[in-house]
Amino acid sequence: MAVVAWGFHVAALALAPISLVQATIAGGLVLLTPIADRMFGHPAGRREWTGVAITAIGLMLLALTLGSSAQEAHDDYAARTLWLYVGTATLLATVCCLPVAGARWAGPALGLSCGLFWGASDVTIKAAASMLESEGLGVLATPEALVILLLSLVGFAVGARSLQLGPPVAVIAMTTAAANVITIASGSVVFGEPLPDEGLGFAGRTLGFALVVAGAVITPAPEAESLPDPTEAQPGHSRSG
């Protein structure tokens, strides 16, 4: 399922602006909380529901302010700008993997790192997708393809660890918000998608970004008392080893 979804993702990036594609994909965050709460036994509190609702409103504003930019793929970019953008996101993701003060923040910090890695990967996928028509399968031999592979694999490993430290709703919300901000912002910064000309549209786009970030920030981190004590002896073992 993940491979099929990734294939559709690449096809969408080749046909449409990256900001529109990512805003559409990010709508899945709205489904995350009820599924986690009702089907998988991960209770969501008021703050989680509020955070998801705010994020959903922000994503809706981003989609509504795309305007005529959705009529083109907007896949032109300068190589220097692309690698500077991807490199900065990768550096920030690596910093987020460093040990943090207090185990309660480890899961969300790694979730943020995962989102940055995947966001950088998605931006590179957009760049590689623009070469499909001219390069065909030859795109697999480009530097972009290697970067996509490395960022995706590292992001997957970091994301798996973040979910082990949990809690899942907070971690996935952080991951999704980080990936969305990095990817949607690249539309204007890297690929030259035009910003709204009128003041109302520009304000809506800015507010949309702010709400997406705010929705992730207010989603609570794991409670300290819910985490296992690493010094506590395991069954059949003594603390002295």
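The model is a predicted one, in which local features need pLDDT of at least 70, side-chain atom pairs count only at pLDDT 80 or more, and totals for chains, interfaces and linings use all residues. Residues are numbered from 1 along each chain as its sequence is written, and side-chain values use heavy atoms, with hydrogens and water left out.

**The chain as a whole**

- The protein chain holds 10 helices and zero strands; here helices (H or I, at least four residues) and strands (E, at least two) are DSSP runs, numbered from the N terminus.
- Of the 241 residues in the protein chain, 42% are buried, where buried means under 20% relative accessible area, exposed over 50% and partly exposed in between (1.4 Å probe, protein chains only).
- Among contacts (heavy atoms within 4.5 Å) between residues at least 6 apart in sequence, 81% join residues at least 24 apart.

**Helix 5 with helix 6**

- Two packed helices are described by the angle between their axes and the distance between the axes.
- Helix 5 (residues 79-96) packs against helix 6 (residues 106-129) at an angle of about 165 degrees, with the axes 8 Å apart; axes are lines fitted to C-alpha atoms, for helices over the stretch in contact, and angles run from 0 to 180 degrees between N-to-C directions.
- The two, helix 5 and helix 6, are therefore roughly antiparallel (angles under 35 degrees count as roughly parallel, over 145 as roughly antiparallel, 65 to 115 as roughly perpendicular and the rest as oblique).
- Residues making this contact include Leu82, Trp83 and Val86 of helix 5 and Leu116, Phe117 and Val123 of helix 6.
- The residues of the contact of helix 5 with helix 6 are 16 nonpolar, four polar and no charged; Ala, Val, Leu, Ile, Met, Phe, Trp, Tyr, Cys and Pro count as nonpolar, Asp, Glu, Lys and Arg as charged, and the others, Gly among them, as polar.

**Two further helix pairs**

- Helix 1 and helix 6 have axes that come within 8 Å and cross at roughly 60 degrees, which makes helix 1 oblique to helix 6.
- In that pair, Trp6, His9, Val10, Leu13 and Ala14 of helix 1 meet Asp122, Ile125, Lys126 and Ala129 of helix 6, and the contact residues divide into six nonpolar, one polar and two charged.
- Helix 5 and helix 9 have axes that come within 12 Å and cross at roughly 160 degrees, so helix 5 is roughly antiparallel to helix 9.
- Thr81, Tyr85 and Ala89 of helix 5 meet Val181, Ile182, Ala185, Ser186 and Val189 of helix 9.

**The core**

- The largest nonpolar core has 29 residues, and those with the most contacts inside it are Leu82, Val86, Leu116, Val123, Ile182 and Phe191; such a core is a set of buried Ala, Val, Leu, Ile, Met, Phe, Trp, Tyr and Cys residues joined through side-chain atoms within 4.5 Å.
- Helix 6 gives the largest share of this core, nine residues.
- Not counting residues up to four places away in sequence, Leu116 touches Ala89, Leu92, Ala93, Cys96, Ala178 and Ile182.

- Thr124 sits in helix 6 and counts as buried, at 0% relative accessibility.
- Leaving aside neighbours within four places in sequence, Thr124 is in contact with Trp83, Val86, Glu144, Val147, Ile148 and Leu151.
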